[in-house]
Amino acid sequence: MMDAGRHPNIRLLTNSELVGLEGEAGDFKAQVRRHPRYVSEELCTGCGVCGRNCPVEVLSEFDAGVGKRKAVYVPFPQAVPNIYILDKENCTECGICVEKCPRDAIDLDDPGKDLELKVGSVIVATGFEVFDPTVVKAYGFGLYDNVVTSMQMERLLNASGPTQGHILRPSDGKVPRKIGFVQCVGTRGEAGLQYCSRFCCMNSIKDCMLVKQHAPEIEELKIFYIDIRAAGKGFEEFYQRSLEMPELTYIRGRPSKILEDPQTKDLVVQVEDGEAGKINDFQLDMVVLSSGAVANKTNQKLAEILGIEREETGFFTSGEETGSPLESTKEGIYLCGCASGINDISDSVAQGSGAAAAAEKHLAKLRIEEKKEEIPELDVSGPPRIGVFVCHCGINIAGVLDIDALKKYAETLPDVVFVRDSLFLCSDDGQRRLQDMIKKKKLNRVVAAACTPRTHEPIFRESCARIGLNPYLFEMVNVRDQCSWVHTEEPQEATEKAKDLIRMGVAKARLLEPLYKQSIKIDRKVLVIGGGISGMRAALDLDAQGFQVTLIEKEGKLGGSLNDIHRIYPQDLSASELVETMMQKIKNSKIEVLTEIEITDIKGFIGNFEVFTSKGGLKVGTIVLAIGGELYEPEGDFGYGKFKNVITNLDLERMIRDNQGDIIIDGEKPTTVAFIQCVGSRDLEKNPACSRFCCPTTIKQALELKKRGTNVVVFHRDMRTVGTRAEEHYRKAREMGVRFLKYSPEMKPQVVGEGKASGVELLEPALNRNLTLPVDAVVLACGMIPNEVETGRLQGILKVPRGADGFFMERHAKLGPVETTVEGVFVCGTAQGPKDISDSIAQGSAAAAKVATFICRDTIELEPTTSIVDADMCRGCGKCVRVCEFLAPKLVEKSPGIFVAEINQALCKGCGTCASWCPTGAITAKHFTDRQVESMIETFLTEAV
Amino acid sequence: MSTKLSSITKKKTSEKKFTPRIVVFACNWCSYAGADNAGVSRIQYSPNFRIIRTMCSGRVTPGMVLKAFKLGADGVLVSGCHLGDCHYIFGNHRAIENFERTQAIIKTLGLEEGRLRLEWVSAAEGPRFGQLIDEFVGEVTKLGPSPLNNSNRRK
Ligand SMILES: Cc1cc2nc3c(=O)[nH]c(=O)nc-3n(C[C@H](O)[C@H](O)[C@H](O)COP(=O)(O)OP(=O)(O)OC[C@H]3O[C@@H](n4cnc5c(N)ncnc54)[C@H](O)[C@@H]3O)c2cc1C
Ligand code: SF4
Ligand code: SF4
Ligand code: FES
């Protein structure tokens, strides 16, 4: 959000509401109502004087009602803009804040404002709401103090929350010893919601781990569940780790009731044990209700304003049928995150990027190349002339630190020629004066003692650059966030500390050097490798934005795994029709499609890749990996290979695809078919991950068989039909008489028979005896594994790392799901990990969006704060090559047998890790050089105030 | 107000009391941000340390840490993102390796192990940052002045 707030092309309208939309894609007029915030965004610096003086205290919404806030407040600690807002409902209009505000920013009569915006497209990202658990009367939420929602628990666990991260139970503020988590509150058939809300299982598991970290004295953690749905990349592995916690027990069953002891406020959770037919009681100190997600209530109003449709569940209807899950029912309006259904963070992030790619189609003609005016550079040669500017930040700094003492002290420091204080250095006025002084006093280094460089360094650098002072000659000293705010009660020590910090800043400033951004030319052509659904989507999105795309597919036909599939679930649409629609779109586009082709080598780096293939070479600037995954080969498992009537889910899918009528397995129509789930998945030895798609696939196949009069039994560990539609199909299958039997990994079912499989044997835990179910055929629900040959080969060529699961590893599991550590190379679909079709498509769009941000210009500017090698000092040991995750350093043979490292500036991210490993000191990490850092250490320790 | 007074009087009466000098290296993306977050949350903690910002914990060389000790620092804390969160993927893993190398050297210099620490603090863990500093300052105070902390101390 910080980044969004600072981005020059993003205008953030907070506290605002869309009230009308006219026009069409590419030319919308949006009416926006800016509600009054009563605090001027231009004037407020977030100093907090108003909040401290406000006499009104109310429950904080952000802390889910477990903490307090004032009537004039910052909604949450990381709010952007980080300024105050006045809550008129609770304000008593006493006027204290108006009087106290040092900048006169508060106006109790602020009328708000109406705006009209011209936009090309609209993205709806209105998210979800949490189901209100008071509806489920049996759980006593709202009646019992110690029954909380998972949202409230989240706040209790947060270090910046109301209890500073201490878990204290609401009734008496004591640390609870026994905590229970009740899953599926409101979802999966309870209280009207049919679907599964997908992320609650993982959330409770995470909470249990955090509770253990925050309160090691915890004795018992219990999760009451129906199925544990750890379906997502890395989720199953996380769940497995939780099984090692001795305090945590998983109890299967949906609690029927929660009771409270009115004296102690302790709780009893009652759960029916279906197998033994009795009710078990669990004594707990606190219970967390895992409330499901529901569609945002305001969706209805918004749907009317936007003119788009909604589902019965309240989520917006998307264009999944046409392979465009991010499209709404109206052109130019796109959906992402939880607007169209339930999505977890990484899928939401991918969808966000994807929606941006789609939205850009309508902006392509509007895209303007930014032009920068040339500003003559100030001459900074000669000895350092340092100016030190000390900011009061209202009373935030000046209220604690002795500004005069700081100024006097700064004047005594070497090379400091000018010192000045300012009430608000970052205000327009403050900046202007800073610029004037740089020119007037011929300053060639600037030190600002103010707030944090993380938010304000860019602002000051910009001010320096505007008047021609190289922005890297600016140094910031943090005397607010890390000094006056945290040592408020020790003003003397705080002032001494600030003096040290200023001295250290000046020491570094004396050694600063001007740095220049380099720009490199980039080729705007894109290569998409793999013609499955995700690759096709990525290519189409890029083509729609006018970029030149080459799509290569090693087989003779586009479509990938979709070619094997009959109908696609949960949407229930024909796979061949979807492939046909997509191919038609590709035919009508300018995308160059090359099939039956093999990549032999790729050379170069971002913006400049040279690709060698069996059909000749090509040059591109960016690459999208969409090579898909592969089905696990169950050789030897459950009689596969031995019995002809044991087949895989893929075999069955093809049979269904090719047969409208009866399915014939090994020569006959089976009366009873058994499915065995998690074959080659969730197996600690073979593949610990959950493949995610196989549970819903089994449900759809079971329904197909049922339709044809076949009995179906499913042996599973947890049925993982997550999301808004899959759970409904699961319910339907149960209603139609499909039997579901649970097995545990220690007690796997056995396929028995002679010559052919005739039964599945399973230990009946309640009766402790083996039960054999007669069957005529067995279907193994095989999981997804990486496409070993292709993934391995491309890893070798491009150096994109693979995760522990063997799939390509993304840059960041949550925040960079389609980026890789190799600049200019992106990944999407099942090449990144097992997933279903709509998630593969969303990632395809997301990859397109990320590519587009790179190639929307024909050059890219490189941050100059990189590392460089001094060739004379390098002895070619290769340590830097080993420690760099971005493949920036390379050993180059200068003369026969003599190797010297070179760092590719386009790849270097400037972390400086290589510099800390170079044994000869040949590497300089610019702006954080050894000399610069050491001078700060030296001056702190040897030149005491 | 009372705390303010007491801290001032405390200072007067115990002029000779040992206050350690500690260098803290903090990576830009997590721990430095965590220290800022402590400020935003107005967490109050010991002022006996100075932060030096680097882009990544992997940037901190054994040389920098040793320099601090040689010049008389009583303690050094290297802090970075939690494992798995490093902005540069594995920079903090390199920091662990560097830390181990350095720990071995400071032992040979006759310094106690407890004077050098490596900790992970996320951008949201302001309170933890404060706690950590208080804890470390307490620990180093218990160890007393660094044996190398003499000539250079005060001019
Ligand atoms: C039996 C079965 C049933 C399923 N049912 C459903 C369902 O009902 N609903 C659902 O949502 N999902 C279902 N799935 C999952 C779904 O198939 C995948 O999520 C989706 O097809 C993945 O698309 P993709 O583009 O990522 O990969 P793929 O479709 O695998 O495409 C990858 C393509 O890349 C090509 N390729 C690989 N290497 C190279 C190379 N080096 N050069 C060029 N080309 C290369 C491959 O030939 C392939 O065409 C099912 C899967 C199976 C196995
Ligand atoms: S069958 Fe597949 S989706 Fe279901 S739990 Fe097992 S691995 Fe996950
Ligand atoms: S670590 Fe230093 S000496 Fe070794 S190859 Fe890299 S630059 Fe050269
Ligand atoms: S960026 Fe924080 S440790 Fe690497």
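## Basis

In this predicted model, local features need pLDDT of at least 70 and side-chain atom pairs count only at pLDDT 80 or more, whereas totals for chains, interfaces and linings use all residues. Residues are numbered from 1 along each chain as its sequence is written, chains are lettered from A and ligands numbered from 1 in the order in which they are written, and side-chain values use heavy atoms, without hydrogens and water.

## Around ligand 1

Of the 35 residues around ligand 1 (a heavy atom within 4 Å), those that come nearest are E553(A), K700(A), E790(A), K835(A) and I837(A). Oxygen atoms of ligand 1 lie 2.7 Å from a polar backbone atom of K835(A) and 2.7 Å from a backbone N or O atom of I837(A). Taken alone, ligand 1 exposes 1,000 Å², of which the protein buries 95% (Shrake-Rupley method, 1.4 Å probe).

## Aromatic pairs

Rings of Phe, Tyr and Trp (its six-membered ring) pair if their centres lie within 6.5 Å, with planes under 30 degrees apart counted as stacked, over 60 as edge-to-face and the rest as tilted; by this rule there are twelve aromatic pairs over all chains. The rings of F826(A) and F854(A), with centres 5.9 Å apart and planes at 65 degrees, are therefore edge-to-face.

In chain B, the rings of F49(B) and F129(B) have centres 6.3 Å apart and planes at 65 degrees, so this pair is edge-to-face. Both F49(B) and F129(B) are buried (under 20% relative accessible area, 1.4 Å probe, protein chains only).

Note on methods:
A polar contact is a pair of N or O atoms within 3.5 Å; within protein, one must be able to donate a hydrogen and the other to accept it, and residues adjacent in sequence count only if both atoms are side-chain atoms. Buried means under 20% relative accessible area, exposed over 50%, partly exposed in between (1.4 Å probe, protein chains only).
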